[in-house]
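Have the structure open as you read.

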Amino acid sequence: METFIKHGSERAVAWEAAGLTWLAEATADGGARVAQVVSAQGDTLEIERIQEATPSKRVAGDFGAQLARTHASGADAFGVGPTGWAGAGLQGPAGNQLKLPLGTYENWGSMWADARIAPLVQKVKDFGKTEQAAFDRLSQRLRDGDFDGSYGSNSQPARIHGDLWAGNLLWTSSDAVLIDPTPYGGHPEDDLAALALFGTPYLREIIAGYEQVTPLDAGWQERVELHQLHLLLLHAVLFGGGYTAQALSAVKKYS
């Protein structure tokens, strides 16, 4: 097996290895393929090198079904990281990472409000009192469970990749492979919305394959921007510009 070497802080290496290993636990039950961790020692991570190929509709449909099974493998609680992980996780590109709050939350909405939205809103320089108030209104609706759907306090959280934009899904001739996770217990629409954010190929086929295994809650299309809000805010903090405007557009839609 050909391998690929990555370097980073010891915590970044451990975090990525823990996430890949956690997601890979679902493959035995038909979950999505995950780049294999060969070793994680100190500041060096060695993982399987993926031989990439052109995306196809067939592989996309198969991946959608596999992702549904990964999600269904579950997590211990909303907001927790990989099994055995202690403390905060990490989010953002290598070399420019922020802490990712982890913890145990009663429902998805509370986690989204308190661990994904609020910490990042505080870091966006262009937000004033009016913008903050809009996020506060949305956060209260989230805590009240207005957007939980079937992922409220009585449901099992999904096992989420957490940063599933197009660049973190590698295509081969036979399957699609997950890399670079920001993993936690959450809502399936978190990952599906991330796939839509930067133009993943054959997204329609991915969704169709997903729904063959796990039908999505009614109205999921209307919640896509809500589930993209974490990544939009993260990009607003790190890069500013249009991401700030996109985040504001989304919060106005749901607050």
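## A look inside

Start with Gln91: setting aside neighbours within four places in sequence, this residue is in contact (heavy atoms within 4.5 Å) with Asn96, Gln97, Leu98, Lys99, Leu100, Pro101, Leu120, Thr182, His230 and Leu234. Before going on, some ground rules: this is a predicted model, where local features need pLDDT of at least 70 and side-chain atom pairs count only at pLDDT 80 or more, while totals for chains, interfaces and linings use all residues. Residues are numbered from 1 along each chain as its sequence is written, and side-chain values use heavy atoms, with hydrogens and water left out.

Gln91 belongs to strand 5, residues 89-91 (strands are DSSP runs of E, at least two residues, and helices are runs of H or I, at least four, both numbered from the N terminus). Is Gln91 buried or exposed? Gln91 counts as buried because its relative accessibility is 3% (buried means under 20% relative accessible area, exposed over 50%, partly exposed in between, with a 1.4 Å probe and protein chains only).

On a 1 Å grid over the protein atoms alone, a cavity is a set of points where a 1.4 Å probe fits but cannot get out, and lining residues have an atom within 4 Å of a point. There are two cavities of 30 Å³ or more:

Helix 5 (188-197) and helix 7 (224-239) each give two or more residues to the lining of the largest cavity.

Now for the rings. The structure has seven aromatic pairs (rings of Phe, Tyr and Trp, its six-membered ring, with centres within 6.5 Å; planes under 30 degrees apart are stacked, over 60 edge-to-face, the rest tilted). Trp15 and Trp85 make an edge-to-face pair, 5.1 Å centre to centre with 65° between the planes. They sit 70 residues apart, with Trp15 in helix 1 (residues 10-24) and Trp85 in the loop between helix 2 (57-72) and strand 5. Both Trp15 and Trp85 are buried.

Methods: On a 1 Å grid over the protein atoms alone, a cavity is a set of points where a 1.4 Å probe fits but cannot get out, and a pocket is an open set with protein on both sides within 12 Å along at least five of seven lines; lining residues have an atom within 4 Å of a point. Grid points are joined across faces, edges and corners, and a volume is the space filled by probe spheres set on the points.
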